[in-house]
Amino acid sequence: MGAYVLTILVFLPVLGAAVILLVPKGRGTWYRWIGAAFTGLQLLFAVWLYAAFDTSTSAFQFTQLAVWIEQFDINYHMGVDGLSMPMVFLTALLSFVSVIASWNITKAPRGYFSLFLLLDAGMMGVFVSLDFFLFYVFWEVMLLPMYFLIGIWGGPQRQYAAIKFFLYTLFGSVLMLLAMLALYFYSEPHTFSLITLITEAPKISVILWGFDMKWLIWFALFIGFAIKVPIFPFHTWLPLAHVEAPTAVSVILAGVLLKMGTYGMLRISYPLLPDQATAFAFSLAVLGVINIIWGAANAIAQEDLKRMVAYSSISHMGFVLLGMAAVVSPSLGGAQAGMNGAVLQMFNHGCITATLFLLVGVIYDQAHHRYLYYPKDYEDEALRGQVGFGGLATHMPIFAGFIALSFFAGLGLPALSGFISEAMCLIGGFTAFRTLTIIGTLGILLNATYFLRAFQTMFLGEPNEKWAGLKDMSAREIGMLAPLAVIIILLGVYPRPALQVISVTMDYLIQLVTAVGPMAGM
Amino acid sequence: MVTVHTLTLYGLIILFLPLVSFVYQIFFGRVLGPRGAWLSVGALAVTLVLSLTMLVSLFMGHEIAFTPEVLWFTVGDFSLTLGFQFDNISVVMLVVVAIISSLAHLYSIEYMRGDVRYTRYFGYLGLFTFSMNGIVLAHSLIMMYVFWELVGLSSYLLIGHWFEKDSAADAGKKAFLTNRVGDIGMFIGIMLLWTVTGSFTFQGLYELIDVESGNMFAGQMGLLTIAGVLVFLGAIGKSAQFPLHIWLPDAMEGPTPVSALIHAATMVAAGVYLTVRMFPILTPDALLVVGTIGAITAVLGALIAITQNDIKRVLAYSTVSQLGYMIMAVGMGAQQAAFFHLSTHAMFKGLLFLCSGSVIHALHHALVHEGDHSTDHQDMRNMGGLRSKMPITYITMLIGALTISGVPLFSGFLSKDAILAGTLAFAHEHHVWWANLFPIAGFGAAAITAFYMFRLIFMTFHGKPANAKVNAHVHESPAVMTIPLMTLAVLSFALFFTLPGLNPMSAEGWFAHLIHQMENLTGYAALSWEHLEHGFHEAHHLTVQLSFAVAGTGIMLAIVFYLLGWLSPAAWAERLKKAGLYQASFHKFYFDEIYDKVLYQPFLWLTDKIAWLDWDWWDQRFIDSWGRNTVKAGNASGWVDYFWLDQIVIDGIGRIIRWMGAVGRKMQTGRIQNYLMWALAGGLIILVLANSF
């Protein structure tokens, strides 16, 4: 199975989508069962992949290579290493959970689930591609279903949000395409292979319009990836898209799509352009710290719970950037803490933010609103500025418990997964950029501020009569959140199962970028 | 006989049994209902027995100083371990925590009876005890930070136990956030220490910073000072030191056993515990910061306590003040005295809080019995004359008050004296005027403490009842509540800490035998062990005389004001109001108001502006302007394309051709004369043009 497992992982959802389309219209619940079956099966394969993964090597595993377009040396080349393994698992897990979260979709379920599976395939493809062209194809494949999922099944401003997301991302894609072509044409031999380019790309020495070509490529890639992360100031598509998207799509957006930005930097920018990566590290750290502070400060000011969670993602992704910047740390331990922390934070944030969005969906499904405070221009004048909920903990104890867990995970409470990865990013960052990291630690306080404020306004205080009829979570909802909660606690207490997968690959990457890692001279 | 293996096993049981209690109460609490609380009490009793076994073993002369550890995780050169720091300090601290925690559990059985979230309450108590034991046993700064945050969580949950009350929910949030301010500093300090030394563990730091064996901070002692102060910031938050003391009084919104256990005896002492553990690597400059913060807090807390009327608030500010004492002691180098006071304070302050809980409980029931739901059952002005109604509570609380005031025979006398001797030695050592401020703060706070404690006793238990009808229904609390009171009252006698020594004036005994003055490793002569010990010894006699005087003065003043009524508190309050002093104390020196105005409100305003900048300006105005302008450009190019290029240029060409065709058609007359004339004209034009060049 090992030789084809990645192909199976990527194309299983495509097969699922085809099956859904073969089922005639109007078969109510069939589509979601098919979706659950295929994503569930995909998750099993991902679990198998994790179990069979060799943690002692940084080489790509389960590789598959087939010629695709011979004239341009484009290959169907796939493989996983310690960087992509956590992302593959995360994608499979969140896709399955999201399908369960979409159980009550009544509007055109056939289209919804088939598009969702297509999205799943695109994401999975991005994380296993070792050929830039293939990577780019999957990157774009993912965009289209996402556009429709937001634009058709989204909230009141869905079309505006969808077009904004689409254009913003496409703008990044165009730059990425240019960078890809530049890498292809300026490398000798012309290739899209990400493995060959590791040795070939650094040899490029071309000046274009007075600029070093490698820097132009770096920035083109950087903007493409920065939009996805999203890095300040390219981040404003995020709150809108997350808020308008249906719950499951928000989960995918925040849980997986954002990771593609940082994944792309670590998979492509870092190894291919190590000199630029080191020279840019300080700027990346600055941007990371801005993300942390800016995202958190915005989250504090939000009146809409989902918007608050969306801005919290910006803050949490800032830790990833800070950790990545630590690659240039003068101390090897610091660089390792930062880089491993960054990848772990990608995974942990995926789980935590998915939990958060799912829980927002739980309350929204029942109450049809999610205001912490009603906005000042709310249609009902009597409600303006009032608390949206209040006292929910009294009659929704399970929901309150899950929210508390996810909020405390979000604010970096030890024994929950977010703490370890954030701490590692900070420690790594500190060894390289002291002052910046000290500013970044303010995030520890700011993140706590908005999470605790939100918890208080929604759950504490006198129970609000208006919401006394809300039911606590259903078995299905508990079922879809329980695995995420278990992972959050497990990795918080015992992060080794994740870190041992990541660690060796990060050593290799640090060595590639700085040429002083533990394998230098090997 | 305790071997290394059994010791580790004991440590694991002591640590995890309360966690088991938490898991049981939260997830399976319904199985047994309220009766299940006894399981938690039982679990705590086991931890008490085990920690006492360790203590006895220590006293029998078995050396317990080792650090079992396991690898938590590793990524290349960066690895973290989890481990236990077994030494005399941690074992004594474990005993202190186990005593107070098990008594608080027992007491809560009655105190919380009928509570809607009864089992959950016991679960949270278990979570707290687990986290607290984690802090005590932690062998590294990072592990301590982990449990440090977890006690913060349990504190948050327990303060907000009655979360239907907004004040309780606010207080929990305030406690957590205020603590986080300190925690940021602590975390940066940990990172700094690690960056320089590469170690997180206390033992590792002691070894790597020891001047004798090659200090890794050599040549940058200023940086070590900064690192020490940063880590100390964590203690400022947790131990409610100035300027982060504001959360502790509000934390009294939690149930009273919680106040006794967490916010008086153990968790808030964790900051002192941390500072004691850090003592060997704190530089003189860092210690001066520590001492100054402690001295300010000691005086500030005491001054505020004088004017408070809420019985728990008096005790809360008293706790702030006493914690300041301990912190000041570490700053003076008297870290043994600090830990001594931490231990005695845990007993007598736990006692005082549980006594106040007994009073509140009784008064609350009496008021409810009378159908009165509005009278504040924590306000001492609604009490009075409870002495005869609640004799056990009265006597035990009196013992607590005598202990905290520093009266001989009681433990507080010994530990407070040790601290005051430390301040006198410090002043003697440093020949600068400001060094004298420390003993002045110490003795001054001691006098005020005696005063406000007896004010509390007299207002609560003496005099006429505020409401005779209510007073008639007040009863002594049942045995599960009075047994903890009596136990702690016994443990407040000096004897308990000096066994087998019987001299009430001397701290010689098992405690002094086990807890020694630590050696400071930063290499400053003034901090050497011999030097400090000598100074404390010299100062001892003067201290005893002075502390007799100040405690006596404080108690006498309270008697004159509140028992005998020779002086009127109201009249004096009026007099002090004119000077603004009374108001300043009553309003807690306006810290909350100032923080709100200067920090919190501007901060919220700023986030609001940031959100406006981010969304309304950057996104809607700027980013979307690209979209709008693209549409405009598209419209413009569409207009150009159709109206100009297509309609005017392209169609214009057509029209020109058609016009020319029309003109040409007219020329096609078919008459030879006309053609000849055009040909002639054309020929002429060509000639003219050709000649003109």
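Reader: How far apart do the C-alpha centres of domain 1 of chain A and domain 2 of chain A lie?
Author: The distance is 22 Å. Domain 1 of chain A is 1–157 + 232–267 and domain 2 of chain A is 286–522, with bounds from an automatic or database domain assignment. The model is predicted: local features need pLDDT of at least 70, side-chain atom pairs count only at pLDDT 80 or more, and totals for chains, interfaces and linings use all residues. Numbering of residues starts from 1 along each chain as its sequence is written, while chains are lettered from A and ligands numbered from 1 in the order in which they are written.

Reader: What makes the contact between domain 1 of chain A and domain 2 of chain A?
Author: Domain 1 of chain A brings 33 residues and domain 2 of chain A brings 38; two residues are in contact if their C-beta atoms, placed from the backbone, lie within 7 Å. On the domain 1 side, H10(A) gives the most, with 11 residues. That side divides into 20 nonpolar, 11 polar and two charged residues. Here Ala, Val, Leu, Ile, Met, Phe, Trp, Tyr, Cys and Pro count as nonpolar, Asp, Glu, Lys and Arg as charged, and the others, Gly among them, as polar.

Reader: Why is H20(A) called largely enclosed?
Author: A residue is buried if 20 or more other C-beta atoms lie within 10 Å of its own, exposed if 12 or fewer, and partly exposed in between, with C-beta atoms placed from the backbone. In H20(A), 15 of the 19 residues are buried, so the rest of the structure largely encloses this helix. In chain A, 62% of the 522 residues count as buried.

Reader: Where does H20(A) bend?
Author: At Ser503(A), by about 35°; the bend is the angle between axes fitted to the seven residues ending there and the seven starting there. H20(A), residues 496–514, still reaches 25 Å from its first C-alpha to its last, close to the expected 27 Å, which is 1.5 Å times one less than its number of residues. Helices (H or I, at least four residues) and strands (E, at least two) are DSSP runs, numbered from the N terminus. Just after H20(A), Ala515(A) has a positive phi of about 55°.
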